[in-house]
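User: I would like to learn how to read helices, cores and domain contacts in a model. Could we take them one at a time?

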Amino acid sequence: MSDEVQATVFGIIAKEANIDVAKITPDSTLKDLEIQSLDAIQIIFEIEDHYKIQMPDRDPNFDTESVRGLVETVRKLLADQAAAPPPAPPAA
Amino acid sequence: MSMDRRVVITGMGAITALGHDARATWEAMREGRSAIAPLAGFDDPTLRVRVAAQVRDYDPLKHFDEKKLLLLDRVSQFALVAAREAVAQSGLDFTADEKLRHRTACVIGTGTGGEQTNDEGSRRLYKEGNPRLHPLSIVRRMVNAPASQVSIEFGVTGPSFAVSSACASANHALAQAFALVRGGTSDVALAGGTEACITLGVLRAWEAMRVLADDTCRPFCKQRRGLVLAEGAGMFVLEDFDHARARGAEILADFAGAGMSADASDIVLPSDLGAARAISASLADARLNATDVDYINAHGTGTPANDPTETRAIRKVFGVHADALSVSSTKSMHGHALGAAGAIELLAAIGSLRENVIPPTANFLDPDPECDLDYVPNTPRERAVRAVLSNAFAFGGLNAVVALKRAS
């Protein structure tokens with residue numbers, strides 16, 4: 001599962017920021033990858049949509065954190081979700 | 001032929017989260033009271049927006065009869081309430097004077113226009129599956145509805161239009177009204193901004209941008225977590241000085257100049273260069289030296305990006321005088337009313353000039369090394385105020401700064 005999550009997150013970053021997925025490593029920061037804030041917001045939106053999770057609001061230092069942090073956050077949210085399924089979301 | 005007339009402010013009105021008129025709003029700002037409170041009226045636990053600066057205890061029927069209300073989105077109601085107060089204070093009687101009506105302009109900024117009507121229509125159409133929308137939907141929600149309704153209310157027939165530039169709408173509108181009066185096109189202008197943007201659709205859209213604070217608005221301090229949405233309106237009477245003097249009107253302040261610019265760079269990230277160009281242009285337009293300015297009402301949204309950028313822009317323009325300025329963000333108290341922001345903040349500019357007191361930046365905790373000006377944290381400050389700038393820098397990189405001087 002962990003590899004699947006990482007591969008999916010990397011794939012979303014590559015697609016949204018229009019960069020080669022081979023450039024992304026767990027240690028990359030969004031800043032290293034030259035990802036602008038608007039792209040970062042879209043990346044989070046796509047990850048949330050893909051996994052039906054809700055990421056915590058970003059901190060001001062979000063851009064300096066590594067992609068590993070992002071992947072870990074997704075894993076944790078998925079684990080929480082598996083442990084205690086949230087109530088059904090309201091009708092869209 | 002274009003003239004170069006002195007323009008003064010002879011009336012002001014407002015309805016904001018801080019109060020239902022200009023005086024109550026200013027008094028709250030002067031005391032450093034914040035109106036930011038838990039979001040009311042939305043029964044949806046999945047909303048991440050926790051706080052807002054909403055206009056509370058507002059009863060439309062106290063201001064309008066039911067027939068009139070059919071025509072008015074909340075955004076136009078706010079504009080009318082504020083405009084009535086401003087006109088009453090100015091002492092102008094439009095009913096008795098046809099020439100005055102022809103010589104009066106009406107320019108009103110709004111960022112989102114009739115969002116309540118838009119939201120109701122969307123709910124009916126998509127949620128209830130009802131394809132029949134209210135027949136007055138268009139006239140309620142069009143962005144020019146507030147300007148049209150105010151022109152109808154007073155019968156003013158001069159140049160009238162809406163200005164929309166997101167969070168700079170009101171300042172851009174005031175700048176246009178100022179130009180019409182200074183240049184001699186009109187003798188009087190009713191101008192300001194209005195916003196009623198607290199709908200589920202707008203809240204969700206802002207939530208998705210991840211720029212909203214979940215606690216409160218703390219501009220320029222280290223713990224700031226974003227902006228807090230607000231609603232309301234501010235309206236003003238701008239008038240040719242000779243016209244005002246001839247009728248013995250009380251002059252609240254001199255509208256000295258305006259400066260505008262576009263960043264022409266990022267759609268959301270602000271540019272210190274673009275902001276600095278607008279600030280410099282306002283000083284030049286007002287024929288002010290940097291050292292004449294005592295107070296800047298900052299755009300000061302409380303987002304991570306705006307506050308250091310605005311600080312750098314102020315330092316670029318003012319050099320060593322930057323450290324002698326008082327700079328405060330009253331958004332810490334009335335929130336960010338988008339297209340009405342500049343109009344509500346003009347009350348702070350006028351109040352500081354008339355009473356020689358700087359409204360503080362409320363909710364301030366610890367300083368941020370990247371924001372190193374005097375932000376008048378938490379406590380109002382008495383000081384002589386000769387000239388004031390009021391900044392507005394919009395998403396989309398559109399900047400407008402207005403300059404006021406003490407009435408002489």
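User: Against which elements do the buried residues of α7(B) pack?

Analyst: This is a predicted model. In it, the buried residues of α7(B) pack against α3 (74-90), β4 (104-109), α6 (137-141), β5 (160-163) and β6 of chain B.

User: How many of the ten residues of helix α7 of chain B are buried?

Analyst: Seven, so the helix, residues 145-154, counts as mostly covered, a residue being buried if 20 or more other C-beta atoms lie within 10 Å of its own. The buried set consists of B:Ala145, B:Pro146, B:Ala147, B:Gln149, B:Val150, B:Ser151 and B:Phe154. Just past the helix, B:Gly155 has a positive phi of about 70 degrees.

User: What does a helix with one buried side look like?

Analyst: An α-helix has 3.6 residues a turn, so residues three or four places apart point the same way. For a case, take α3(A), where A:Val67, A:Leu70 and A:Val74 are buried. They cover an arc of only 60 degrees around the axis, which puts them on the same side of α3(A). Turned away from that buried side is a face with the exposed residues A:Lys76, A:Ala79, A:Asp80 and A:Ala83.

User: How many Å should helix α3 of chain A span, and how far apart are its end C-alpha atoms?

Analyst: At 1.5 Å a residue, the 17 residues of this helix (residues 67-83) should span 24 Å. The end C-alpha atoms are 25 Å apart, which agrees.

User: Now the cores. Which residues have the most contacts inside the largest nonpolar core?

Analyst: They are B:Ala177, B:Ala189, B:Leu238 and B:Leu404, in a core of 132 residues. Both domain 1 (7-246) and domain 2 (258-405) of chain B give residues to this core, so it lies between them. Another core, of 13 residues, lies apart from it and includes A:Phe10, A:Leu30, A:Ala40 and A:Val67.

User: Which residues is B:Leu404 in contact with, leaving aside its neighbours within four places in sequence?

Analyst: Its partners are B:Ala253, B:Asp254, B:Phe255, B:Ala256, B:Ala349, B:Ile350, B:Leu353, B:Ala387 and B:Val388.

User: How should I describe the contact between the two domains?

Analyst: The size of an interface is often given as the accessible area lost when the parts come together. The centres of domain 1 and domain 2 of chain B, over C-alpha atoms, are 21 Å apart. Domain 1 of chain B gives 63 residues to the contact and domain 2 of chain B gives 55 residues. On the domain 1 side, β1 (7-16), α1 (22-31), α8 (169-182), β6 (188-195) and β7 (232-240) of chain B each supply at least two residues. By class, that side has 34 nonpolar, 21 polar and eight charged residues.

Methods
Residues numbered from 1 in each chain as written. Chains lettered and ligands numbered in written order. Predicted model: local features only at pLDDT ≥ 70, side-chain atom pairs only at ≥ 80, totals over all residues. Domains from an automatic or database assignment. Contact = placed C-beta atoms within 7 Å. Helix = DSSP H or I, 4+ residues; strand = E, 2+ residues; numbered from the N terminus. Nonpolar A, V, L, I, M, F, W, Y, C, P; charged D, E, K, R; others polar. Buried ≥ 20, exposed ≤ 12 C-beta atoms within 10 Å, placed from the backbone. Expected span 1.5 Å × (residues − 1). Arc of directions from axis to C-beta. Core = buried A, V, L, I, M, F, W, Y, C linked by C-beta atoms within 7 Å.
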